[in-house]
Amino acid sequence: MFTRLLLSFFAPLATSTPMRMATWLLLRPGTPAGTWTTLLLQTAGTAAYACARPRW
């Protein structure tokens, strides 16, 4: 979390797609890079959770 905060202060402006994806939490809602990064992380997290076979 601290690294993300430092990145927001010292990172250059997000002009490339990889940089926009790295700073997706700082983007305005509805931007394509932020939306796709969120969907990718959500899908990967759901798949990892399903593969771990959570116990109730």
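Now, the ground rules. This is a predicted model, where local features need pLDDT of at least 70, side-chain atom pairs count only at pLDDT 80 or more, and totals for chains, interfaces and linings use all residues. Residues are numbered from 1 along each chain as its sequence is written, and side-chain values use heavy atoms, with hydrogens and water left out.

On to the fold. The protein has three helices and zero strands. Along the sequence, the pattern reads α-α-α. Helices here are DSSP runs (H or I, at least four residues), strands are E runs of at least two, and both are numbered from the N terminus.

How much of the protein is buried? Buried residues make up 9% of the 56 residues. Buried means under 20% relative accessible area, exposed means over 50%, and partly exposed lies in between (1.4 Å probe, protein chains only).

Take T37. This residue sits in helix α3. T37 counts as buried because its relative accessibility is 5%. Which residues does T37 touch, not counting those up to four places away in sequence? M21 and W24. Contact means heavy atoms within 4.5 Å.

Next, L25. Its place is the loop between α2 (17-22) and α3 (32-51). L25 has a relative accessible area of 51%, so it is exposed. L25 and T38 are 13 residues apart in sequence. In space, C-alpha to C-alpha, L25 and T38 are 9.0 Å apart.
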